[in-house]
Amino acid sequence: MSPSEWYWSLRMAWRDTRGSRFKLFFFSLTVTLGIAALVATSGFGSNLQRAVATQAKSLLGADLVLSANNQLPEDIQALTQGLAGPRSRWASFASMAYFPAQDQARLARVRALEGEFPYYGTLETDPPQARLRFDHEAAALVDDGLMTQFDLKVDDRVKIGEQEFVIAGRLLKIPGESAMASAVGPRIYIPFRYLDQTRLVQFGSRIRYATAFLADGWDPDQWLETHEKALRAARVSFDTVKIRKENLGNAFENLETFLSLVGLAALVLGGIGIASSVHLYANRKIETLAVLRCLGGRTGLTMWIPIWVSLGMALIGVLGGVLLGLTIQWVFPLLFQAWLPVDLDYQIDAGAAGLVLVLGVVLAGAFTLLPLSSVWFTTPVALFRKGTEPDVRATRRLRRLLGFLLIFCLMGFIVIQAQRPLLGLLFGGGILLLLALLFGLSWLLLKLLKRFRFRRLPPMIRMALANLHRPHNQSALVMLALGLGGFLILNHTMVHQSLIAQFTRTGSNDRPNMILFDIQSDQVDALQSLLTRQTLPKESPIPMVTMRIQSLKGKPIREWIGEDESTQVPEWAALWEYRSTYRAEQSDTEEIIAGEWVSHFSGQEAVPLSLEESIAETLHLTVGDEVVLDVQGVPFTCRIQSLRKVDWQSMKPNFYMVFPAGVLEEAPQMFVQAVQTPSSQAAAELQKSLFIQFPNISSVDLRLLLKTIDDIVRQATFAIRFMALFFVGTALFVLGSCLVNSRQQRLDELAILRALGAHRSQVRILTMSEYGFLGFLSALFASGLALLSSYLITHYGFRVDWVWNPSLILWAVLGSVLLTTATGLMTELGWNPNAILERLRAEVR
Amino acid sequence: MILAVENLTRTYPSGAGLLTVLDQVSFQVALGETLAVMGPSGSGKTTLISLCAGLDQPSGGRILLEDQDLGQLSERARSELRNRKIGFVFQSFHLIPTLTALENVLVPAELAGRFDQEDQARAFLTRVGLAERMNHFPSQMSGGEQQRVAIARAFINQPKIVFADEPTGNLDDRTSETIEDLLFEMNREMGTTLVIVTHDAHLAQKTHRILSLRMGRVDSESSTSALEHSA
Ligand SMILES: Nc1ncnc2c1ncn2[C@@H]1O[C@H](COP(=O)(O)OP(=O)(O)O)[C@@H](O)[C@H]1O
Ligand SMILES: [Mg+2]
């Protein structure tokens, strides 16, 4: 084409919008809404994701934590030398804490801390600045529950080993500590430099040393990948946020996946907006193109006219959408920040905006050409009689080619937007399948409608039904848009409900949050009635029998002790007083990784024993090995029957050694019990009554740890709810404006009907029933498909239980019918007698 | 001969079989001649002149326009031919609704790459009596006025031959007469060949020859007194 022809086509395009600029602008608005949804969704999505990710870091309190039973070995220290960023270290150990004022002692978990740890989350204390006293005196921070139990106050004293500390404050929230540590007893924090003064550090004492790193420009997981071998060889444990998150289950991954799914759905929504408005416009241009063909215009030239207009609409729509989306992102936090549990900051995602722009252009082009594809290969005469002749083969081929091109591009966009190719492909494939299904269903339905005459129905309703299957009617398109939009809304709502259910389970609701230790056998019943009196939900008491190792594999334990951990056993492990339990069932926080679980002892020569994997490694034991245990004076010969991997993050008491039922029942034993306290007042009250009635029972309040997890869960839950709601809101907008656009087409025919003497009320019934019927069917299709797909997604994709409520479907159908009939009503309201005449005149061109 | 039609056949698929709308139609039109095509409704008149103007594809036979076989041309070449050599006036006007009268007239010129024809178009519109309506849109004009714009549009590229399909079929008698006169006058002034489909025997008498169609066949071909007049 020559420059003058380009210019001509542009000018014709501009003229083509005469008299309908407002309408076309309205079409663009649909695009705008869809794109705004996409931009805002991806903005909020990454925002929320970052917020939750930051929050999740408080699970560990640092980016990387290395820990070992000794100070970090030289070679490992050398490895960490180059790591940029601050670091902290601590030593933690179990020790008796003695409170001189009360003359009481209690086993506590002491952490001697140095540095700014935690780097993520805050160590909450009362008073808030209590930790500052670490800098200039022998200060200690003491577990809130312990303070309550012993009625301790700030500036009281606590003695650990040989060093006395002044109590600087209560510990309220502790980021970065795992539940395993807590199971030993309440926590006390002291400054690292007083560690030696306690005189608790001796050869053989079980002290855990740790160093925590804040990564400044390096990736802890990548660093681990390189050095994992060396760390394992040196028996240094490692922990990163990623590992912690994995231990929390797949909840976090699910959150990310859900957020990107919402982004993808918004992309499709934007697509619907563009496709529907451009398609509606282009469909009306067939006649103009036919006239131009008659006058000798080449299709290759004249086709540019509607393409320019479509592109213009798409561009205006997309630009408006990007602006609106950014505005929403900017204004929303200003208005609602106070109510949000997450800090929403404002950011421009240039990549997303660019992608959207390209998407807009491609979709606009394709959806202009699709309805106009017949113009290329048919004669002008056939064009005037549009719809009465079957398409020629070349037209079908072009249409198919365009279709494939479109699918290809869409899949590309989806994969780019998804950032995870597999997820993108699955989603894209799903959407295609869905479109095919929806298309097939609506085609089938329209065919069926054509077969039946519905003689019994009132004439206007009969006409409405007949209208649905007229050639070149937009029913199929409207049904497709409504069906797809409705599907996305329903599907996401259902998936979001299932995910919320999962997160609520990960959170501390309905979970024990206090553990009671050292319950004597004869106290069990009295304690149960105390708990029942205070109406606290509880789990059944778990028996605990203390024992020591007498010999390993036939060799007395004394002979195993040594510092070479590859062949010898460290002193603490050899001399440790193991607290073991017995039970027939496996607990749900452990998993057999070798051997087999034996539930009952049936009197064989050796007692079948189940060992936790890390202690098995420390003791150089594996399945089949023999151990003799000294249970308070009575030797038991045991054979290792299974090794267990234990989820120490779980808030349940876990054990190194588990006996089957039928061995230890008569041995002297104590009990542990998990209790759920609904509030900190309830917890304090329980601790007070325990102190009075059972002074020997100690309690550990897990709330301190759970609070960190709960905060994260609350944010993640909010993120999911918010995005689901936001998406549904924008989807409704887009669908609404799609419908309003499609009604434009109706006006012409209605004008004729009115001119023929139809009553206003008749026309109203006609349009309302026509649209209502469309809405009803689309909602029905959408619901059925959404039920199926949300089941598949939650069950196979997220691996969580599928939750659904039937009322949702009811609401969807109701909402859809309401939306559509309202549109039908609007169609009718829009004109007066003069408008009828004008419409009719416009018809006669 | 400007137009030669040889054994022209047009069929449409209909139900199980074929519907033959034109059956072996042959005739010729000489340069500068006027021809009326007559026949009852449904006899195939529109189909015939659409084919002659290259707006449709024949099922059999040949159409030669200035000795060029329309069937041998590519769609692109046919478009160009339509643009340069053929004018067409439709029964239902087919103006482009978003363009003014002036712009509608200019379209064929612009399609031909001539962007300097505005004065010419104004002259044509003045000639058809629409000097005051240049910037009106089709929906602002009466049927007769719209058809005048269509006539001006048909002549703007100075075609060799103009086809008019019942140009007055949608108009009242008085308007019809002025439109018909206009068409004949323009045709004479420009030295164009005119093929006009009409029901109106009185109008047909103004042409040189009448071609009668019945059920898709040539029923009769006759010269009129107008031929003797001009001769
Ligand atoms: N696309 C088509 N499909 C089937 N039949 C057609 C088609 N176009 C025209 N016809 C039939 O061809 C016959 C002639 O049509 P037409 O040329 O429009 O007649 P006329 O202009 O003489 O009134 C009519 O019977 C019409 O029904
Ligand atoms: Mg006709």
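Modeller: Over all chains, the count comes to 38 salt bridges, a salt bridge being a side-chain nitrogen of Lys or Arg within 4 Å of a carboxyl oxygen of Asp or Glu. Side chains of opposite charge can pair when their charged atoms come close. This is a predicted model, in which local features need pLDDT of at least 70 and side-chain atom pairs count only at pLDDT 80 or more, while totals for chains, interfaces and linings use all residues; side-chain values use heavy atoms, with hydrogens and water left out. Residues are numbered from 1 along each chain as its sequence is written, and chains are lettered from A and ligands numbered from 1 in the order in which they are written.

One of the pairs joins Asp16(A) to Lys285(A), with 3.2 Å between the closest N and O atoms. Asp16(A) belongs to helix α1 (residues 3–16) of chain A, whereas Lys285(A) sits in the loop between α8 (251–283) and α9 (286–294), so the bridge ties together parts that are 269 residues apart in sequence. Helices here are DSSP runs of H or I with at least four residues, strands are runs of E with at least two, and both are numbered from the N terminus. Asp16(A) and Lys285(A) are both buried, where buried means under 20% relative accessible area, exposed means over 50%, and partly exposed lies in between (1.4 Å probe, protein chains only).

A second pair in chain A is formed by Arg187(A) and Asp143(A), whose closest N and O atoms are 3.0 Å apart. Here strand β8 (residues 187–191), which holds Arg187(A), is linked to strand β5 (residues 139–143), which holds Asp143(A), and the two residues are 44 apart in the chain. Arg187(A) and Asp143(A) are likewise buried.

In chain B, Arg209(B) pairs with Glu221(B) at 2.3 Å between the closest N and O atoms. Arg209(B) lies in strand β9 (residues 209–214) and Glu221(B) in strand β10 (residues 217–223) of chain B, so this bridge ties together parts 12 residues apart in sequence.

Arg397(A) is found in helix α15 (residues 393–418) of chain A.

As for the setting, chain A has 26 helices and 21 strands, and 54% of its 845 residues are buried. Of the contacts in chain A with a separation of 6 or more, 82% are between residues 24 or more positions apart, contact meaning heavy atoms within 4.5 Å. Ser28(A), in helix α2 (residues 21–57), is buried with a relative accessible area of 3%. Leaving aside neighbours within four places in sequence, Ser28(A) is in contact with Met313(A), Ile316(A) and Gly317(A). Asp522(A), in contrast, counts as exposed at 68% relative accessibility, in the loop between β11 (514–520) and α19 (524–533).
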